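Subject: Structure for your review

Dear colleague,

Please find the structure below, together with its sequence.

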Amino acid sequence: MNMTRSILRALVAVAVVFGATVGVDAQKKDKAMEQQIFYRTVKVDGLSIFYREVGPKDAPTILLLHGLPSSSRMFQPLLTRLADKYHLVAPDYPGFGHSDWPDPKQFDYTFDHIASVMNDLTQALGLSRYTLYMQDYGGPVGFRMVLAHPERAQAFIVQDAVAHNEGLGANWATRRAFWADRAAHDEALRKNLLSLAATKTRHVGDDPKTELYDPDLWTDEYAFLNSPGQAQIQSDLFYDYRTNVDAYPTWQAWMQKTQPTLRSTCLTRDTSRLTPKRMRLRNWYVGL
């Protein structure tokens, strides 16, 4: 009898532990399902636009705008980390990633045009209020979006984007020459911007510890840049980059007028001192 009771107690204990484990596993599974990243496309202005989406739709929305020559793939790790608190949407621009790559003869690859498509994307997805995460090319795209519809943007998160002429470094000499005379400097620009060496440098910089970097990062990107039509697409869009430089005074004036509160590390927290020489935006959170 005592042995029987002992066995029964043991079975009950196992059942309780098993039930608790199943409950924890179920909770983990539910949480994982809540954080499932969805890979979707939507028709915008006649184009198939790809985007990654995760998180509860009633949570604050962050619209993540990628840089050169990346895609929404760059935000993949971030999406998983933030999905429990935010609704995140990361699109690919036309000509990038998994979105349509229309022929440059039929589609103007300009920042105005891409910003217009991204604005229309937010309407197609029902995004009326959002924080803009702007990385690199995401800066000029995002500034155009917020100036067109300031009521939609709640805040900026700005990473490695510039809004003043002095923020462009020495490697922009070739690029400025390209803007001045495209035909004469097109080959040099493509080498400066799209070569394997330049592609690797975008990921590694001058860090001698290259063993810390996954080579798939730049080899995948280089393969993308060598896809049919990509060189022309990227060349056209970069030629239009000169319009961003021309727009810097407008962006600066808007920030000086709006006086956004800077809530993270930046060059200055006193927005009244956001003069042209202090306008480089690196890892800022700007609350509107």
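In this predicted model, R175 lies over the face of W172, at a distance of 4.9 Å from the ring centre.

Across the model, the count of aromatic pairs comes to 19. One of them is formed by Y39 and F50, whose rings are stacked, with 6.5 Å from centre to centre and 15° between the planes. This pair links distant parts of the chain: Y39 belongs to strand β1 (residues 38-44) and F50 to strand β2 (residues 47-54), and the two residues are eleven apart. How exposed or buried are the two partners? Y39 has a relative accessible area of 45% and is therefore partly exposed, since that class lies between 20% and 50%. F50 has a relative accessibility of 9%, so F50 counts as buried.

Y93 and F96 also form a pair, with ring centres 5.6 Å apart. Which geometry does this pair have, stacked or edge-to-face? The planes of Y93 and F96 stand at 85°, so the pair is edge-to-face, because plane angles over 60 degrees fall in that class. Here Y93 counts as buried, at 1% relative accessibility, and F96 counts as buried as well, at 0%.

Turning to the open space in the model, the largest pocket has a volume of about 1,400 Å³. Its lining consists of 39 residues, and L68, P69, Q135, D136 and R202 are those that lie nearest the centre of the pocket.

By residue class, the lining of the largest pocket divides into 14 nonpolar, 13 polar and twelve charged residues.

With kind regards

Methods. Residues numbered from 1 in each chain as written. Predicted model: local features only at pLDDT ≥ 70, side-chain atom pairs only at ≥ 80, totals over all residues. Heavy atoms only, no water. 1 Å grid on protein atoms, 1.4 Å probe; cavity = no way out; pocket = protein on both sides within 12 Å on 5 of 7 lines; lining within 4 Å. Points joined across faces, edges and corners; volume = space filled by probe spheres on them. Nonpolar A, V, L, I, M, F, W, Y, C, P; charged D, E, K, R; others polar. Phe/Tyr/Trp six-rings, centres within 6.5 Å; stacked < 30°, edge-to-face > 60°. Helix = DSSP H or I, 4+ residues; strand = E, 2+ residues; numbered from the N terminus. Buried < 20%, exposed > 50% of the residue type's maximum accessible area, 1.4 Å probe, protein only. Lys NZ or Arg CZ within 6 Å of the ring centre and 35° of its normal.
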